[in-house]
Amino acid sequence: YLPLVATVARGEAPLAIGGEAPRLDIVRAGKNRSLWNEAAMADLTAAMAEGEDQEGGVALAQSHELAKAGHWIHVDDLPGLLEVMDSSFSR
């Protein structure tokens with residue numbers, strides 16, 4: 001997934017709709033520390049930092065943590081997931 005994150009972050013994703021670069025929101029389960037360990041977070045942060053939308057100052061790739069969620073984020077923190085999705089759609 002990291003190459004996709006970096007490609008979107010740089011604004012190079014070929015999936016542009018209406019001339020706008022697509023945005024990518026990654027939702028992380030906060031209780032899943034084995035998957036989202038320090039090394040994984042460093043890799044994700046580096047991939048997201050490869051590029052930012054300098055024109056509008058809006059990051060094209062963003063990461064969101066649902067602290068109360070385990071593997072099944074939609075079960076463990078549905079309100080949090082819907083909030084992330086709502087903010088994503090309103091950009």
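A salt bridge is taken here as a side-chain nitrogen of Lys or Arg within 4 Å of a carboxyl oxygen of Asp or Glu. By this criterion the structure holds two salt bridges. The model is predicted: local features need pLDDT of at least 70, side-chain atom pairs count only at pLDDT 80 or more, and totals for chains, interfaces and linings use all residues. Residues are numbered from 1 along each chain as its sequence is written, and side-chain values use heavy atoms, with hydrogens and water left out.

The secondary structure comprises four helices and two strands. From the N terminus on, the order is α-β-α-β-α-α. Buried residues make up 31% of the 91 residues. Burial is defined by relative accessible area: buried is under 20%, exposed is over 50%, and partly exposed lies in between (1.4 Å probe, protein chains only). The accessible surface comes to about 6,000 Å². Carbon and sulfur atoms account for 57% of that surface. Areas were computed by the Shrake-Rupley method with a 1.4 Å probe; for residues, only the protein chains shown count as cover.

The C-alpha atoms of Arg28 and Glu65 are separated by 4.7 Å. The second bridge pairs Glu65 with Arg33, at 3.6 Å between the closest N and O atoms. Arg33 lies in the loop between S1 and H2 and Glu65 in strand S2, so this pair ties together parts that are 32 residues apart in sequence.

Arg28 counts as buried because its relative accessibility is 10%. Glu65 has 35% relative accessibility and therefore counts as partly exposed. Not counting residues up to four places away in sequence, Arg28 touches Trp36, Met41, Leu44, Ser63, His64, Glu65 and Leu66.

The nonpolar interior was examined next. A nonpolar core is a set of buried Ala, Val, Leu, Ile, Met, Phe, Trp, Tyr and Cys residues joined through side-chain atoms within 4.5 Å. The largest such core has 14 residues, of which Val5, Ile26 and Leu44 touch the most other members. Helix H1 (2-9), strand S1 (24-29) and helix H2 (38-48) each give two or more residues to this core. A second, separate core has six residues, including Ala29, Ala69, Leu81 and Val84.

Helix H1 presents one side to the interior. Its buried residues are Val5, Ala6, Val8 and Ala9. These residues cover an arc of only 165° around the axis, which puts them on the same side of H1. The arc is that of the directions from the helix axis to the C-beta atoms. An α-helix has 3.6 residues a turn, so residues three or four places apart point the same way. The buried residues of H1 pack against S1, H2 and strand S2 (61-66). Leaving aside neighbours within four places in sequence, Val5 is in contact with Leu24, Ile26, Leu44, Ala47, Met48 and Ala61. Just after H1, Gly11 takes a positive phi of about 75°.

Helix H4 (78-89) contains Leu82. Leu82 counts as partly exposed because its relative accessibility is 46%. Leu78, Leu82, Met85 and Phe89 form a nonpolar patch on the surface. Together they have about 410 Å² of accessible area. Patches are made of residues with over 30% relative accessible area and no salt bridge; like charges are joined within 9 Å, and nonpolar side chains (Val, Leu, Ile, Met, Phe, Trp, Tyr) within 5 Å. Pro79 is also found in helix H4. At 62% relative accessibility, Pro79 counts as exposed. Pro79 and Leu66 are 13 residues apart in sequence, and their C-alpha atoms are 9.8 Å apart.

Key: Contact means heavy atoms within 4.5 Å.
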